[in-house]
Amino acid sequence: MDLDDPDAINNDDAEDGGSASLVTPGQTITSDPSFMRGHGTYQEDPTGAHPTYTSRRPAVATAAASSTSTTTPSLASHTLVSSVAGTVDRINRLVSVRALKPRYAGEIGDVVVGRVVEITQKRWKVDIHARQDAVLMLASVNLPGGELRRRSEEDELQMRELLREGDLISAEIQAFFQDGAASLHTRSFKYGKLRTGSLVTVPSYLIKRAKSHFITIPAAGVDVILGVNGNCWVTPTSASPKPSSAAVADTAAAAAAVDAALAATLYKNENEPVDDDARTNLARVANGIEALAKTTTMVTEAALAAVFEAGLKFEVHRIVEKAEEVVADARLRVVAG
């Protein structure tokens with residue numbers, strides 16, 4: 001497509017942030033020099049040469065210099081080309097291409113599930129499927145036992161005992177560094193190291209930001225963490241610490257009991273025992289998430305509960321194979337309420 005064509009994009013819609021038609025990598029968007037290059041685009045010289053810029057060095061007023069000087073190609077002659085497959089967005093004179101399957105772009109407050117990939121000075125680097133690894137600072141995690149104090153050099157030496165390479169964690173984005181890397185924290189007991197479960201990865205655009213990303217499916221006895229970055233953690237509800245029966249009557253005592261239980265197992269490496277029924281339900285929910293992703297259906301709490309019920313008529317290993325039928329049945333269940 002070409003923005004020079006008046007029919008290629010509606011000017012009224014474009015000024016309001018409207019989108020044009022689909023473009024593919026290498027496709028010319030416009031040759032009008034008045035447009036500014038946005039993300040998902042690049043400028044190409046019609047001669048095939050790389051873009052060159054006028055030198056800032058002072059000119060030498062000599063006849064020899066004048067005779068050997070050449071004309072530098074102007075950037076005005078360059079065409080604007082798409083670098084990704086997506087839709088063209090135009091805001092005033094700024095043209096960009098929104099990728100159909102973009103990488104996860106985090107926002108402050110996002111709940112993410114990631115994998116520790118590196119340990120450096122006072123920080124862990126975590127892969128959250130973004131453009132660059134996120135950072136979890138030592139000061140942004142709970143110490144074993146829930147102890148509240150300043151981190152010391154001894155804590156830094158024991159970082160690998162808390163989280164090591166390959167560990168999965170749930171965390172929240174609290175800020176961004178100047179280079180764009182996300183800064184995570186796990187100060188709440190609902191975040192932290194993940195054990196006794198299964199990881200399912202789906203495209204991040206299928207996870208909608210919601211009030212809560214910690215979901216319980218009572219019929220399955222399964223808890224799900226829907227990471228906004230596309231990582232979903234499925235674990236048996238029985239694996240989550242519960243307050244003792246004596247403490248349930250008192251809210252404050254119940255909360256203290258839960259915190260104490262969580263603090264005691266905060267960085268435990270052993271998985272909890274899971275019986276066959278719980279393991280089967282866990283697999284059904286995990287396969288249900290894959291079925292939703294296969295049919296490009298948003299992964300929500302209602303969709304997960306409906307897919308679990310719709311998949312009960314199939315064997316566990318056939319849920320993904322019968323994704324179209326399972327998801328169609330689930331949609332009817334959601335509509336029926």
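## The D167–K193 salt bridge

In this predicted model, D167 and K193 form a salt bridge whose closest N and O atoms are 3.4 Å apart.

Leaving aside neighbours within four places in sequence, K268 is in contact with K193 and R195.

## Other salt bridges

The count of salt bridges comes to 11. Some of them share partners: E309, K313, D329 and R333 are joined in this way into one network.

Another of the salt bridges is formed by R98 and D89, with the closest N and O atoms 2.9 Å apart. D89 is buried, its relative accessible area being 8%. The side chains of E107 and R209 also meet in a salt bridge, at 3.7 Å from N to O. This pair links distant parts of the chain, 102 residues apart: E107 is in the loop between β7 and β8 (111–120), and R209 is in the loop between β14 and β15. E107 is partly exposed at 43% relative accessibility, and R209 is partly exposed as well, with a relative accessible area of 39%.

## R195, a buried charge without a salt bridge

R195 is placed in the loop between β13 and β14 (198–201). It is buried yet has no salt bridge. How far away is the nearest side chain of opposite charge? That side chain is E272, and the distance is 4.6 Å.

A polar atom of the R195 side chain does lie 3.3 Å from the backbone oxygen of K268. With neighbours within four places in sequence left aside, R195 is in contact with W233, T235, T265, L266, K268, N269, E270 and N271.

## K268

K268 is found in the loop between α5 (251–264) and α6. With a relative accessible area of 30%, K268 counts as partly exposed. K268 and L194 are 74 residues apart in sequence, while their C-alpha atoms are 9.3 Å apart in space.

## Aromatic rings

The structure holds 1 aromatic pair. The ring centres of Y191 and F214 are 5.8 Å apart and the planes stand at 50°, so the pair is tilted. The two residues are 23 places apart and link distant parts of the chain, with Y191 in the loop between β12 (182–186) and β13 (192–193) and F214 in strand β15 (residues 214–217). Y191 is buried at 5% relative accessibility, whereas F214 is partly exposed with a relative accessible area of 28%.

A ring also takes part in an arrangement with a charge: the charged end of R93 sits over the ring of F35, 4.0 Å from the ring centre.

## Positive phi angles

Most residues other than glycine have a negative phi. N92 has a positive phi of about 55° although it is not a glycine. This residue is located in the loop between β6 (86–91) and β7 (94–99).

H129, also not a glycine, has a positive phi near 65°. Its place is in the loop between β9 (123–127) and β10 (134–141). H129 counts as partly exposed, at 29% relative accessibility.

Which residues of helix α7 (residues 301–310) are buried? They are A303, L304, A306, V307, F308 and A310. An α-helix has 3.6 residues a turn, so residues three or four places apart point the same way. The cover over the buried residues of α7 includes β15, β16 (222–226), α6 (276–294) and α8 (323–336).

## The chain as a whole

The protein has 8 helices and 17 strands. Of its 337 residues, 38% are buried. Among contacts between residues at least 6 apart in sequence, 68% join residues at least 24 apart.

Notes:
Residues numbered from 1 in each chain as written. Predicted model: local features only at pLDDT ≥ 70, side-chain atom pairs only at ≥ 80, totals over all residues. Heavy atoms only, no water. Phe/Tyr/Trp six-rings, centres within 6.5 Å; stacked < 30°, edge-to-face > 60°. Helix = DSSP H or I, 4+ residues; strand = E, 2+ residues; numbered from the N terminus. Buried < 20%, exposed > 50% of the residue type's maximum accessible area, 1.4 Å probe, protein only. Lys NZ or Arg CZ within 6 Å of the ring centre and 35° of its normal. Lys, Arg positive; Asp, Glu negative; His and termini not counted. Salt bridge = Lys/Arg side-chain N within 4 Å of Asp/Glu carboxyl O. Polar contact = N/O pair within 3.5 Å; in protein donor to acceptor, adjacent residues only side chain to side chain. Contact = heavy atoms within 4.5 Å.
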